[in-house]
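Subject: Structure handover

Hello,

Here is the structure I promised to pass on. Please open it first, then read my notes below.

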Amino acid sequence: MRAREVALYLEQVCAHRLYEVGCDSVPTNLDRLATSLGARIQYEQLHDEGSVERDSEGYLIRIKSDSPEVRKRFSIAHEIGHLIIAKLLCEKDSEDYKRFRRFAHVAEGLNEETLANQIAGILLLPAWFVQSRVGDAYSVSTVVKLAKEANVSISTALIRIVHLSTAPCVAFMARRAGAGPVRLMWHWTSQSIDSASAKSDLADEYVLQTLIQGGYARDESLALNWLGCDCLYRNFDNVTTWHGLARVEVSNRLSMTKKQTSGELAVHP
């Protein structure tokens with residue numbers, strides 16, 4: 001099963017779980033969701049962001065108490081993701097179990113942590129909510145509003161929107177300390193874009209500098225043609241951070257047909 005099939009399957013599983021427990025509004029009621037899976041949430045002084053373990057009363061989700069609220073919510077959703085995966089694995093007679101085992105063994109590059117992150121994004125930002133708020137087009141300013149309403153981080157909202165996008169695009173975060181070089185911290189691509197190709201281009205500081213300034217990056221040496229970027233800029237304690245949403249098309253160098261993109265990005269539910 002390809003990554004796209006895995007994503008669609010997880011959307012179905014999570015949508016069913018949210019409906020089952022009555023989580024039909026955003027921000028998602030994570031306490032109710034955890035309780036439905038026999039879990040309690042406890043905030044503690046921890047080194048890691050969170051963990052889940054079985055105890056005499058069911059499951060205990062431990063969350064780092066001094067993390068920002070959006071980080072705590074993602075950590076809870078991530079640990080709930082592990083419980084949803086465990087539930088699929090335990091129900092050995094169900095069709096869900098059979099399908100899960102099938103894709104878990106053949107999905108390239110996916111492990112349980114990756115799957116738990118995907119589930120967290122779906123639970124915090126259900127497809128129906130993203131579609132209702134974003135519509136057919138969006139920008140970084142729209143992402144900021146979406147993140148605020150759902151009580152999630154800008155990064156979570158960016159990754160989720162790109163994950164749902166029907167247009168070729170890339171979300172990324174870059175950072176610079178003081179006057180040092182601009183470094184790529186992470187990137188996420190829509191389904192039609194090869195992640196390794198995007199990473200290769202974004203490893204070039206000139207490309208990053210061009211994108212964060214809103215420019216175009218089109219060159220035969222690049223794997224992708226970068227058609228412009230909408231960026232959110234922040235500076236704190238002499239560290240500058242950019243969250244970017246870039247429109248792209250596949251370069252002729254990869255012997256693939258170029259895909260035309262409009263000035264806006266479409267999202268499907």
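What share of the contacts in the chain with a separation of 6 or more comes from residues 24 or more positions apart? The figure is 56%. Keep in mind that this is a predicted model.

**Overall picture**

The chain has 269 residues, and 46% of them count as buried. Its secondary structure consists of ten helices and seven strands.

**Salt bridges**

I then turned to the charged side chains. Side chains of opposite charge can pair when their charged atoms come close. The structure holds ten salt bridges.

Arg62 belongs to strand 3 (residues 58-64), while Glu44 belongs to strand 1 (residues 39-44), so the bridge ties together parts 18 residues apart in sequence. Is Glu44 buried or exposed? Its relative accessibility is 18%, so Glu44 counts as buried; the cut-off for buried is under 20%.

*Glu49 and Arg71.* Here the side chains form a salt bridge at 3.9 Å, N to O. The pair links distant parts of the chain, 22 residues apart. Glu49 sits in the loop between strand 1 and strand 2 (50-55). Arg71 sits in helix 3 (residues 69-90). Both partners are partly exposed: Glu49 has a relative accessible area of 29%, and Arg71 has a relative accessibility of 33%.

*Glu249 and Arg218.* The closest N and O atoms of this salt bridge are 2.8 Å apart. Why does the pair tie together parts that are 31 residues apart in sequence? Because Glu249 lies in strand 7 (residues 239-250), whereas Arg218 lies in the loop between helix 10 (205-212) and strand 6 (224-236). Glu249 is buried, with a relative accessible area of 4%.

*The network.* Which residues are linked in a network of salt bridges? They are Arg40, Asp55 and Glu57.

**Where to start**

Please look at Glu249 and Glu44 in the viewer. Each is buried, Glu249 at 4% and Glu44 at 18%. Then go to the network of Arg40, Asp55 and Glu57.

Best wishes

Note on methods
Residues are numbered from 1 along each chain as its sequence is written. This is a predicted model: local features need pLDDT of at least 70, side-chain atom pairs count only at pLDDT 80 or more; totals for chains, interfaces and linings use all residues. Side-chain values use heavy atoms; hydrogens and water are left out. Helices (H or I, at least four residues) and strands (E, at least two) are DSSP runs, numbered from the N terminus. Buried means under 20% relative accessible area, exposed over 50%, partly exposed in between (1.4 Å probe, protein chains only). Contact means heavy atoms within 4.5 Å. A salt bridge is a side-chain nitrogen of Lys or Arg within 4 Å of a carboxyl oxygen of Asp or Glu.
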